Amino acid sequence: MAGETAQKPRNVLFACSLNAVRSPMAAAMLRHLAGEDVGVASAGVRAGLLDPMAVRVMSEIGIDVSQHQPCALRDLDEPDYDLVVSLSPEAHHQALELTRTMPADVEYWPTLDATVVLGHGDEEQVLASYRMVRDHLFRRIKQRFGFLGGPSV
């Protein structure tokens, strides 16, 4: 990916619109891969409610996000991240604003909103959408943070 290096940051924040699907999934995957080597957090432009479908598809790969408590970017206590990964256009704008007071790199990883299929398909179609987002994020995280030999989805 253009502009991305193998450098591993100390503290990473994943930011999205609601902190309900994409950002908690991404944060949990990086925590799973990096262990205590990297500080990881997630937040949204607004704090939503944790999506049960996100919990379900993450449990399929052995990662539990059921205890995640969604929070908003504005509620972060003294943020000290050296990398902010934004996953939605709205979050990207806010991530760039954070850099006015916090010296951090910002990377924009456009990621589909899995929830757009809710009410427009059966359960398997909905699950397929969430799995596609999960798998996309997992591949991207492994590539960006140098875990290419790690667990696969």
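Basis of the entries. I am working on a predicted model, in which local features need pLDDT of at least 70 and side-chain atom pairs count only at pLDDT 80 or more, while totals for chains, interfaces and linings use all residues. Residues are numbered from 1 along each chain as its sequence is written, and side-chain values use heavy atoms, with hydrogens and water left out.

Burial in the strands. I looked up β2 and found that 5 of its 6 residues are buried, which leaves the strand mostly covered. For β3 I found both faces covered, with L83 and V85 buried on one side and V84 and S86 buried on the other. I set beside this the general point that in a regular strand the side chains alternate between the two faces of the sheet.

Sheet order. I read an open sheet of 4 strands in the order β2-β1-β3-β4, with parallel pairing, where two strands pair if DSSP finds at least two bridges between them. β2 (39–44) and β4 (105–108) each have a single partner strand and stand at the edges, so one side of each is left without a neighbour in the sheet. Neighbouring strands are turned by 20° against each other on average, direction ignored; axes are lines fitted to C-alpha atoms, for helices over the stretch in contact, and angles run from 0 to 180 degrees between N-to-C directions.

Strand pairs. I counted 6 bridges between β1 (residues 11–16) and β2, which run parallel, and saw A15 opposite A43 and F14 opposite S42. On the β3 side, β1 is joined by 4 bridges, again in parallel, and the bridge partner of F14 is V85. V85 in turn stands opposite E107 in β4, and the parallel pair β3 and β4 is joined by 4 bridges.

Helix on the sheet. I found helix α3 (residues 89–98) lying across β1, β3 (83–86) and β4, and running at about 170° to β4.

Helices against α4. What is the angle at which α2 and α4 pack? I read about 65° for helix α2 (residues 52–59) and helix α4 (residues 123–144), with their axes 10 Å apart. α2 and α4 are therefore roughly perpendicular to each other, on a scale where angles under 35 degrees count as roughly parallel, over 145 as roughly antiparallel, 65 to 115 as roughly perpendicular and the rest as oblique. By class, their contact has 7 nonpolar, no polar and 4 charged residues, where Ala, Val, Leu, Ile, Met, Phe, Trp, Tyr, Cys and Pro count as nonpolar, Asp, Glu, Lys and Arg as charged, and the others, Gly among them, as polar. Contact means heavy atoms within 4.5 Å.

I then checked helix α1 (residues 22–34), which packs on α4 at an angle of about 45°, with axes 10 Å apart. α1 and α4 are therefore oblique to each other, and the residues of this contact divide into 10 nonpolar, no polar and 3 charged.

How values were computed. Helices (H or I, at least four residues) and strands (E, at least two) are DSSP runs, numbered from the N terminus. Buried means under 20% relative accessible area, exposed over 50%, partly exposed in between (1.4 Å probe, protein chains only).
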